[in-house]
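Me: I have a model open and would like to go through it with you. Could we start with the strands?

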Amino acid sequence: MLKLACQEQLLPGDTLQAKWDFAQAAGYDGIELRGKGDQHFRDRLPELRAARADGVVMPTVCVDMLHFFGAFDPAQRRGAVEQMKSQLSVIAELGGLGAQTPASYGMFSRRLPPFEPPRSEAEDREVLLAGLAELGEHARAEGVTLFLEPLNRYEDHMVNRLEQAVDLIGETGLDSVRIGIDSYHMNIEETDPAASILAAAPWIGHAQVSDSNRFQPGAGHLDWPAWLGALESSGYTGWLAAECRLTGDPEDAVRAVPAFLRRAAG
C-alpha cells in the first residue's frame, strides 16, 4: 500500500491544518514540509507542534536553502551543515523520519561554462564525505535519517546517479544516511530507472515524485508502472512525496496525483 505525501507549498490553505484537511480528502497520507534557511524551520516549531497536536502527519522535510553542505565556500558549507542539523532535530521532535537534501543545487554544472569546477573530484569527495559523516552522526543521535538526493547534471556536478550516492553512503558506514530518490532527476540521469532502483534498493530511504517534465505525476511520459513496480519489488516501504510543479488548475492537479499513482502501481 503506497504511503503518499504532498509537499506543503502545493496544498491550498493558510495553515497546515487546512492543508491537511485538503490532503486527506484528496487521498494523501501525510505532508512533506519544506525547510528554509536562516533557522526558519526551527522558528516554525510552535506552528509545527500545534499541527502535530491536531493530527497532521509530517513524515519528512525537504531542504529549501540557498547553500548546501557541498558548497565551495567553507563558511557556506558550515552554515548549511548547521542548518541541516537543526532541520534533523526539528523533524525528530515532530516524530518524523528524516530530512532530504542534495549535495548542492545550482552551484555548478559541467554542462555550462567554464565547464571545469574550481575543486577537483577528489576534493569534492572529501567535502561530501565529511558533510555526510557529520550530518549522519547527528541524524543517528536524533533517531532520524539524512536522505541524500542525487540531482541531474544541470543542477549539480557531484552526485547525479544513484550509484554515486551508494558509493558515498557506503563509505560513511552509517545506517542513518540513505538515498532520497527523485523520479524527475532519475529520468534524466539513469539509463534504466527501474534497474537503478533495484540495484540501489538497500540504500533507498525516501522517494519524491514528479513526472518527466517536472509537473505532477501523469502530466509527462515517465513509465510509472515500471518505476513504481521496481520500488515495490525492491521491498521499499517508505513514503512517496509529491515534489513537482502543477499544470492546469492547481487544486485539480494536486488532487489527481494519489489516484493516478495508485492506478499506476496496480
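Me: In which sense do β6 and strand β7 pair, and over how many bridges?
Reply: This is a predicted model. In it, β6 and β7 (residues 204-209) pair in the parallel sense, over 4 bridges. Within that pairing, Ile179 stands opposite Ile204 in β7.

Me: And which residue stands opposite Arg178 in β6?
Reply: That is Phe147. Strand β5 (residues 145-148) also pairs with β6, in the parallel sense and over 3 bridges.

Me: Through which helix does the chain cross from β5 to β6, and what is the hand of the crossover?
Reply: The chain passes through helix α6 (residues 162-172), and this β-α-β crossover is right-handed.

Me: How many residues of β6 are buried?
Reply: For strand β6 (residues 177-182), 6 of its 6 residues are buried.

Me: Changing topic: which residues touch the most other members of the largest nonpolar core?
Reply: They are Leu33, Ile181, Trp227 and Leu240, in a core of 73 residues. Helix α4 (residues 74-93) supplies the largest share of this core, with 7 residues.

Me: What does Leu240 touch?
Reply: Leaving aside residues up to four places away in sequence, its contacts include Leu2, Leu4, Ala207, Val209 and Trp227. Lys3 is also among them.

Me: Lastly, what domain does UniProt list for residues 21-263?
Reply: The unreviewed UniProt entry gives "Xylose isomerase-like TIM barrel" for that span. In the model, residues 21-263 are 46% helix and 15% strand, and their end C-alpha atoms lie 23 Å apart.

Conventions: Residues are numbered from 1 along each chain as its sequence is written. This is a predicted model: local features need pLDDT of at least 70, side-chain atom pairs count only at pLDDT 80 or more; totals for chains, interfaces and linings use all residues. Side-chain values use heavy atoms; hydrogens and water are left out. Buried means under 20% relative accessible area, exposed over 50%, partly exposed in between (1.4 Å probe, protein chains only). Helices (H or I, at least four residues) and strands (E, at least two) are DSSP runs, numbered from the N terminus. Two strands pair if DSSP finds at least two bridges between them. A crossover is right-handed if, with the strands pointing away from the viewer, the path from the first strand over the helix to the second runs clockwise. UniProt positions are given in the numbering used here, feature names are shortened, and annotations may be inferred rather than shown by experiment. A nonpolar core is a set of buried Ala, Val, Leu, Ile, Met, Phe, Trp, Tyr and Cys residues joined through side-chain atoms within 4.5 Å. Contact means heavy atoms within 4.5 Å.
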